[in-house]
Amino acid sequence: MKKLVFLAVFAIVALSAYSYMTATQNKDLQNALSVQYAKNISDASSKLQELDEAVKKTLLFNQGEGDLEAREDIWRLSSDIQQSVASLPLDQQFSTTWMNYLGRLGKFSKEGDERTDPKEFHKVMDRASQNIQSLSEQWSVATADMASGNLSMAEWQERLDGEKASFDWNGLSASIQQYTESDFPLTASESDALKKKELKHIKDPAVTKEEALTKFKKLFPDVSNQVIDTTESKPGAAYPFYHIRFADNDSVGYIDITKKGGHILSFLTERPTGAGTMDIDKVRTSVETFLKDSGYTDVVFEEVRENDTAFHLVYTRVEKMHRAKVLSDTIQIKAAKEDGRILGLNAAEYIRKEQLKDQPIITIDWKTFFHKNVKVNKQELVYVENEHGIQRLAYALTVTLEENGEIGTYIVLVDTETKAVIKTEKQP
Amino acid sequence: MNKTMRTMLIGLLFFVGIQLSLSTDTHAFTDRGLAKGTKGDDVIELQARLQYIGFFKGKIDGNFGSQTYWALREFQEKYGMPVDGIAGTKTKKKLTSVSSYDKKFVMDNIKAGKEFTHYGGKPLTSQVKGGSTTTKPSTNTQVPSKYSEDDLKLLANAVYGESRGEPYEGQVAVAAVILNRIEHPDFPNTVGGVIFQPGAFTAVSDGQIWLEPNERAKEAVIDAMNGWDPSENAIYYFNPITATSKWIWSRPQIKKIGLHIFCN
C-alpha cells in the first residue's frame, strides 16, 4: 500500500513538473512571438508614416535628383511594409488588398520616370498622398496598443481576425480596394496580359464533352479507356474547360481541355516507374513525333532536364515573321525515363499565343557592346516580354566569361531596336 | 599434356587480350548518350574524366550543365572530333582512352559531401579539402533555373503537410498555388515568404510542414516547377469540410480536386 501511495505521489509530482515546464516553454514561445508581432506592427506603423512623407516629397519636385530619391524611398518603404504585413497574422482579405496597393505604389513610383508624364505622375501621387494619410490614421486606430508586446496569442488573433475583431478590418479592406482602383487602375498592357492569361480571347467554337473525350482518346489511346468522370469548370473559372479524370491499368491522371476550341491545357499521369534510362536522343525523337502527330508543328526543342523517373522537355513556338522563338509560348512534356512514354503535356502557355508586332532590327557590334573578356557563342532571335509586359523582338545571345578559372554561361536578351538589355540570366 | 597446356595458355592469353581491349572500351559508361540536361553516375564519370585531363574545372556533381557542355566541346575540338557537346559512343571511347577515373575516390567523396577535385598528375588524396570541410549534399535534382534546391525541399514539405492524402493531381495543384502566389502582387515573392505567411497554410500552423516528405510529394513539386498547374491559375484552395473562414467562400471557384476547392 505504501509503495502504491509513493508511486502515485511520485507520478503526480513528475507530471506537475513536466506540465509546469511545458507551460513555461509555451509561454516563452508565445512571448517571443508576441514581441515579434509587436515589432512588425511598430515597423509597419513607422514606415507607413515615412511612406506618407516620401509620397508628399515627390510633390515638391518636377524632375531631378530630389524627385528620384523620393521615388526610390517610396519603392523601398512599400517593399519594407509589405514584408512586415506578410509576417503578421492579419485578416487574409485585408492583407491581400494591402499588399496589392503597396506593390502597385512601389512599382508605379519606380517606373514612373520612364513611363509616366510628370503631370500625370503628380496627379496620381497627390491622390495617393491623401489616401495614404487616411490609411495611416485608420491603421493607427486599428493597431492601437498592439505594439506593447504583451498580448497573448488569443488576444492577437482576436484583434487581427476580420470576423472576431472589434475593428472593422473588412471596411479597411474595402477602402484600400477603392484606393487601388482610383490610384493605380490596371494599365492597358496589364489588362491585356491578364486577358491573355485568362484565355478569354479564344474565339474558337465551343466543343462538346463528347468531342473533348474523343480528342483525349485520339492523343492518348494508352490511358483513355477507363475514364472516371468528366466535369466542367466551376463558374468562377476565368476560362471554361472540361476536367477529365482517368484510371487506366497502372496510370491514374487527368486532362483539362478548353471548352472553346478543345485545346489541351494540361495532361498529367502517374504510374509505377521501372528501371533503366532510355537514350535522350530516342526520347526526343519519340516526343517530337508525338508533338507533330498532335498538331504542334511550329515548335522547336529548347531544353531538357533529367530527374529520377522522368525527363522534362521544353519546346518553344517559332513565329513566321523572323523565325524567332516566342519565349512565352512554350509546351512542356514529361516523358518516362525507362521507355519515353508521354506522362505529361502542358500547353497552357502555348495556346495563349502572344500577340506579336514587327520591329526594326539594327545591327549591334557585340565586341564593343560586351567587355573584351566576354565571348559570344550563339546568337538567335526571340520574342520576349519586357518589364512593361510588352512582347519585344530581341537578340538572344549565349555568352561565356571565365570566372575564377570556371566558365560562366549567360543568356543575354537585347532589344533589336533600342539595344536595351531586357534580361540577363546565368545558366546552371 | 604439353599440347593441352599450350592450348590452355593460348586460351588464357586470348582471354587477357580481350579483357585488355575491353578496358579501353566505353563499358564504364552506360550505353546512352549524354547531353546537356542529363544527370546520373555516368555524368559523374564524364565530369571526372574531363577534369582528369584538365578540361572541366567545375564541381563534379552528376548534373550535365553549361560547364560540362563547354568542357566537352573543348575536348571534342582538341581531339578532332565533331563538336556537338554530346557524349556519344565515339566521344566516350576517346575520353576513356585518354583519361582515368577513380570511381571509388569520386563516389566516396560525393557521398561524404566533401569538396574535392579529380585532376590527373597529382595525388588524389591531396585533392580533398582538409579538415571536416563539407559541402551541402546535393539532391541531384534538376529544376528550372529560377528555383533552388532549398525551394524544392520547402515546397515538398508544404505539399506533403497540406495534401499527402490527396490524389497526385491535387498535390501538383497545391504546389502550383504556392508558385502562383509568388508571381502574384498580393503575396510575398519568395517560396519561404509565401509558405510562412501567417495563417496562410494549416500545415505551418499545426507543424505538419516539418514531416519528412515522400518521393511523390517531391515529384509533384518538380512537375509544378516545370509548369504544370492543375489548379488552372488558382491562388487559394480550401477544404469545404474543415474551412472556418467565411471569406474564402466568397472567392471565385475554379475546380475541385480531391477534397480541395481551388479558387481565385
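**A walk through chains A and B**

In this predicted model, a nonpolar patch sits on the surface, formed by Met1(A), Leu4(A), Val5(A), Val9(A) and Val13(A). Met1(A) belongs to the segment before helix 1 (2-58) of chain A. Its relative accessibility is 77%, and exposed means over 50%, so Met1(A) counts as exposed.

Stay with chain A and move to Arg323(A). This residue lies in the loop between strand 6 (310-318) and strand 7 (325-336) of chain A. Arg323(A) is not a glycine, yet its phi is positive, at about 55 degrees. Its relative accessible area is 60%, so Arg323(A) is exposed.

Now turn to chain B. Its secondary structure comes to 10 helices and 3 strands. From the N terminus, the order is α-α-α-α-α-α-α-α-α-α-β-β-β. Chain B has 264 residues, and 50% of them are buried.

Two of the helices of chain B pack against each other: helix 2 (residues 41-52) and helix 3 (residues 66-78). Their axes are 11 Å apart and meet at an angle of about 55 degrees. That angle makes helix 2 of chain B oblique to helix 3 of chain B. The crossing of these two helices is left-handed.

Further along chain B comes Glu232(B), in the loop between helix 10 (215-225) and strand 1 (236-238). Glu232(B) also has a positive phi without being a glycine, with a value near 55 degrees. Is Glu232(B) buried or exposed? Its relative accessible area is 5%, and buried means under 20%, so Glu232(B) is buried. Arg323(A), by contrast, is exposed.

Technical notes: Residues numbered from 1 in each chain as written. Chains lettered and ligands numbered in written order. Predicted model: local features only at pLDDT ≥ 70, side-chain atom pairs only at ≥ 80, totals over all residues. Heavy atoms only, no water. Patch = residues over 30% accessible without salt bridge, like charges linked within 9 Å, V, L, I, M, F, W, Y side chains within 5 Å. Areas by Shrake-Rupley, 256 points an atom, 1.4 Å probe, with all protein chains shown as cover. Salt bridge = Lys/Arg side-chain N within 4 Å of Asp/Glu carboxyl O. Helix = DSSP H or I, 4+ residues; strand = E, 2+ residues; numbered from the N terminus. Buried < 20%, exposed > 50% of the residue type's maximum accessible area, 1.4 Å probe, protein only. Axes fitted to C-alpha atoms, helices over the stretch in contact; angles between N-to-C directions. Parallel < 35°, antiparallel > 145°, perpendicular 65-115°, else oblique. Left-handed = near helix turned anticlockwise from the far one by under 90°.
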